[in-house]
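Reader: I'm new to looking at protein models. Could you walk me through how to read one?

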Amino acid sequence: MLLFNWICIVVSFNLLFWLLMIPLIMSVLYVWAQLNRDMIVSFWFGTRFKACYLPWVILGFNYIIGGSVINELIGNLVGHLYFFLMFRYPMDLGGRNFLSTPQFLYRWLPSRRGGVSGFGVPPASMRRAADQNGGGGRHNWGQGFRLGDQ
């Protein structure tokens, strides 16, 4: 997704690199907002609305405070292009899937799962070592010294 969005922003809109950051962030935010359409999000001063409106609220907010809305608008357009080509057209309209992850990315960054334990759960080898020590892996540190004792 990032590679496609980056290519669309740089090539199609012919932007300078210092303008790349906000459109790329907004394109990712747009895709997230479309995938989580019904989630309620909070914005400035606790304003609550559905996530599908968040990219447009940010665009409007930047317009109100006097910023340039071109970056946000380009990000929303590129995000919409990605969302349409990746999800809407193939799934809803029954069209061809134009976007897929290139194989060289799978070679560089394999999508292998496993080998990592869940959050807050030690790996199985650590649990076995703790059970063998008895007492859950605690150490016998001794009694220590009380404050004030000489």
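**How the helices pack**

Author: Let's start with a pair of helices: helix 2 (residues 21-35) and helix 4 pack with their axes 7 Å apart, at an angle of about 45°. Keep in mind that this is a predicted model.

Reader: Why give an angle and a distance?

Author: Here's the general idea: two packed helices are described by the angle between their axes and the distance between the axes. In this case, helix 2 and helix 4 are therefore oblique to each other. Their crossing is right-handed.

Reader: Which residues of helix 2 and helix 4 meet?

Author: On the helix 2 side, you'll find Ile22, Pro23, Met26, Ser27, Tyr30, Val31, Gln34 and Leu35. Among their partners in helix 4 are Asn71, Glu72, Gly75, Val78, Tyr82 and Phe87. Sorted by class, this contact of helix 2 with helix 4 has 11 nonpolar, 7 polar and 1 charged residues.

Reader: And how do helix 3 and helix 4 cross?

Author: Helix 3 (residues 54-64) and helix 4 cross at roughly 165°, and their axes come within 9 Å. Angles over 145 degrees count as roughly antiparallel, so that's the label for helix 3 and helix 4. The crossing of helix 3 with helix 4 is left-handed.

Reader: What does helix 3 touch in helix 4?

Author: Pro55, Trp56, Ile58, Leu59 and Asn62 of helix 3 meet Glu72, Leu73 and Asn76 of helix 4. That contact is made of 5 nonpolar, 2 polar and 1 charged residues.

Reader: That leaves helix 2 with helix 3. At what angle do they pack?

Author: The angle is about 140°, and the axes of helix 2 and helix 3 are 8 Å apart. Helix 2 and helix 3 are therefore oblique to each other. Here Met26, Leu29, Tyr30, Trp32 and Ala33 from helix 2 meet Leu54, Pro55, Trp56 and Ile58 from helix 3. By class you get 9 nonpolar residues, no polar and no charged ones.

Reader: Now for the empty space. How do you find it?

Author: Rolling a probe the size of a water molecule over the atoms shows where empty space is left. In this model, the largest pocket holds about 310 Å³ of space.

Reader: Which elements give two or more residues to its lining?

Author: Helix 1 (2-13) and helix 4 (70-92) do. The largest share, 3 residues, comes from helix 1. The lining includes Met1, Leu3, Phe4, Ile7, Tyr82, Met86, Ser100, Thr101 and Pro102.

Reader: How many residues in the lining are nonpolar, polar or charged?

Author: Count 10 nonpolar and 2 polar residues in the lining of the largest pocket, with no charged ones.

Terms used: Residues are numbered from 1 along each chain as its sequence is written. This is a predicted model: local features need pLDDT of at least 70, side-chain atom pairs count only at pLDDT 80 or more; totals for chains, interfaces and linings use all residues. Side-chain values use heavy atoms; hydrogens and water are left out. On a 1 Å grid over the protein atoms alone, a cavity is a set of points where a 1.4 Å probe fits but cannot get out, and a pocket is an open set with protein on both sides within 12 Å along at least five of seven lines; lining residues have an atom within 4 Å of a point. Grid points are joined across faces, edges and corners, and a volume is the space filled by probe spheres set on the points. Helices (H or I, at least four residues) and strands (E, at least two) are DSSP runs, numbered from the N terminus. Ala, Val, Leu, Ile, Met, Phe, Trp, Tyr, Cys and Pro count as nonpolar, Asp, Glu, Lys and Arg as charged, and the others, Gly among them, as polar. Axes are lines fitted to C-alpha atoms, for helices over the stretch in contact, and angles run from 0 to 180 degrees between N-to-C directions. Angles under 35 degrees count as roughly parallel, over 145 as roughly antiparallel, 65 to 115 as roughly perpendicular and the rest as oblique. A crossing is left-handed if the near helix is turned anticlockwise from the far one by less than a right angle, and right-handed if clockwise. Contact means heavy atoms within 4.5 Å.
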